[in-house]
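Hi there,

Here is the structure I promised to pass on.

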Amino acid sequence: MLKLLKNSFRTYIFTILIILSLINPVQSQEKKITIDIQKNPTNANYWWLERNNFGREISEFSFESYFELKQPKTTYIINLFSDFENNNLEKIYFNESYIKSSLSNNTFFRFGRYYRDFSTYLNDELSSGSLLISHNAQAMPKIGLVTSYIIKKNNNISFDFGIAHGIFNKNEIYKKEPLLHEKFLYINIKNKNYTTSIGFVHEAIWGGRIDSDNKFSGSQPSSFSDFLKVFISADGPMDFPHANALGNHLGIWDFSVQKKNNDKILKLYYQHLFEDTSGLRFHNKTDGLWGLELTRYFFDTTILFEYINTTNQSINPPYVKEQYYNHGLYASGWSYKGYTLGNPFIDHLNAIDTAALYLGITGTFLKNYNYKIKVSKRTNTHDNIKYKLQLSKVINDKNQVGIFILNNDSGNGLGFSINKNL
């Protein structure tokens, strides 16, 4: 096993050195290379091992390599995953790996595999997951442009806007990959040590070729004029008594308030999920993701509470029949390579009502010990508490070792990790 680890380590280093050699080293200001090795429990259904795990199938050993190089206007990220089972390499693939280049002080474009440029307040390392793009699936291939504008007469008010184009994956249903359309607009208001943001995020699956029993299966509209229809959610075919929008649309109203008091940070947020005009107008009531995050209010600790609710998704059909993450034509739903793109408590194959409480805690004690706790429980149905407890020790500035324990319906599992900075 040690020989296998050494050979894999050398393969990673060799691959990254080749890639980084193509980048001009003279202008580089900051480099970062880390290697993570994790030993996992091998029996199945550990909720907090399988969710928010970047779309990875759980194997006996998993490797992660992270490479970052920052230049004055450009950042290069390479994130490689691989999994080993019975001493055999099962899979190796890129996760979040991209080029981010600044066009001006307020504008940048990003190209590659990446997650999102909206809901920037959300703590992805600790949260149960964004309602639209979380870390539950592998990062999708996308190209996007993001810009900000500050009002000159009142620099306490700013706007953030972004647009992106992505590609889904082929599968048994999608014989040609569907396309992703994504855009967002936020207004941010600063008042002393408070920042309030109101955002609107729109996602759509469109195009591709579908093989299913749906009468509208086959090659889907994908011309530039069709893209303009998707952009404004214009009507598509007459598949019901009225025409539905072309493609599969969903999005969120995104509200957040942040307060900074010296090193203390308070966040309150609400992501309101919608799939059609009824949800857009809040007729699905308080459905969505509610969150509270406190940083350094209690020693060097971050505490995060979240409540996920989808119980109003179909309270008044056919008008209020949102069926979050699900769609009749794009039958794989809001997913990528079989994994939910958004919050893992919402099923992308079945519109099941869900209410769940979630608690995440992370912090440091005795200077060189770090801990992370994740606990969740569904409240609208019988469910056992699911948890993951992780403890790590910093050996020095280059090495860290850890242990974690988590549960499934039949018992507990134990895992170990090694982190190395190069």
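Of the 422 residues of the protein, 45% count as buried. Please keep in mind that this is a predicted model.

**Overall picture**

The protein has four helices and 24 strands. A compact globule of 422 residues would have a radius of gyration near 22 Å, and the protein has 22 Å, so the two agree. Along the principal axes, the C-alpha trace spans about 65 × 55 × 50 Å. If you take the contacts between residues at least 6 apart in sequence, 55% of them join residues at least 24 apart.

As for the surface, the protein exposes about 21,500 Å², and carbon and sulfur atoms supply 57% of that area. On the charge side there are 46 positive and 38 negative side chains, with the centres of the two sets 7 Å apart.

In soluble globular proteins, nonpolar side chains tend to be buried together. Here the largest nonpolar core has 49 residues, and those with the most contacts inside it are Leu132, Phe168, Leu273, Tyr325, Trp334 and Leu341. Several elements each supply at least two residues of this core, including helix H2 (47-50), strand S7 (140-150), strand S10 (179-191), strand S14 (248-261) and strand S20 (355-365). Apart from this core lies another one, of five residues, with Ile35, Phe61, Phe63 and Phe84 among them.

Thr340 sits in strand S19 (residues 339-340) and counts as buried, at 7% relative accessibility. Beyond its neighbours within four places in sequence, Thr340 is in contact with Asn136, Ala137, Tyr325, Trp334, Ser335, Ile346 and His348. Tyr325 and Trp334 are also listed with the most contacts inside the largest core. Ser59 is 281 residues from Thr340 along the chain, and their C-alpha atoms are separated by 19 Å.

Most residues other than glycine have a negative phi, and most peptide bonds are trans.

- The peptide bond from Pro317 to Pro318 is cis, with omega near 5°. Pro318 is in the loop between S17 and strand S18 (335-336).
- Phe54 has a positive phi, near 65°, and is not a glycine. This residue is in the loop between H2 and strand S2 (61-70), and at 18% relative accessibility Phe54 counts as buried, the cut-off being under 20%.
- Lys367 has a positive phi of about 70°, again without being a glycine. Lys367 is in the loop between S20 and strand S21 (369-378) and is exposed, with a relative accessible area of 84%.

**Around Arg209**

Which residues does Ile173 touch, not counting those up to four places away in sequence? They are Arg209, Ile210, Asp211, Ala331 and Ser332. Ile173 itself lies in the loop between S8 and strand S9 (174-176) and is partly exposed, with a relative accessible area of 22%. From Ile173 to Arg209 there are 36 residues in sequence and 8.4 Å in space, C-alpha to C-alpha.

Lys176 also touches Arg209, along with Lys170 and Gly208, when residues up to four places away in sequence are not counted. Lys176 is found in strand S9 and counts as partly exposed, at 44% relative accessibility. The C-alpha atoms of Lys176 and Arg209 are 4.7 Å apart, while the two residues are 33 apart in sequence.

**One more residue, Phe161**

Phe161 lies in strand S8 (residues 157-167). With a relative accessible area of 34%, Phe161 is partly exposed. Leaving aside neighbours within four places in sequence, Phe161 is in contact with Leu145, Val146, Thr147, Phe184 and Leu185. Gln323, in turn, is 162 residues from Phe161 in sequence, and the two are 28 Å apart in space, C-alpha to C-alpha.

Happy to talk any of this through.

Best wishes

Methods: Residues numbered from 1 in each chain as written. Predicted model: local features only at pLDDT ≥ 70, side-chain atom pairs only at ≥ 80, totals over all residues. Heavy atoms only, no water. Core = buried A, V, L, I, M, F, W, Y, C linked by side-chain atoms within 4.5 Å. Buried < 20%, exposed > 50% of the residue type's maximum accessible area, 1.4 Å probe, protein only. Rg over C-alpha atoms; globule rule 2.2 N^0.38 Å. Contact = heavy atoms within 4.5 Å. Areas by Shrake-Rupley, 256 points an atom, 1.4 Å probe, with all protein chains shown as cover. Lys, Arg positive; Asp, Glu negative; His and termini not counted. Charge placed at Lys NZ, Arg CZ, Asp CG, Glu CD.
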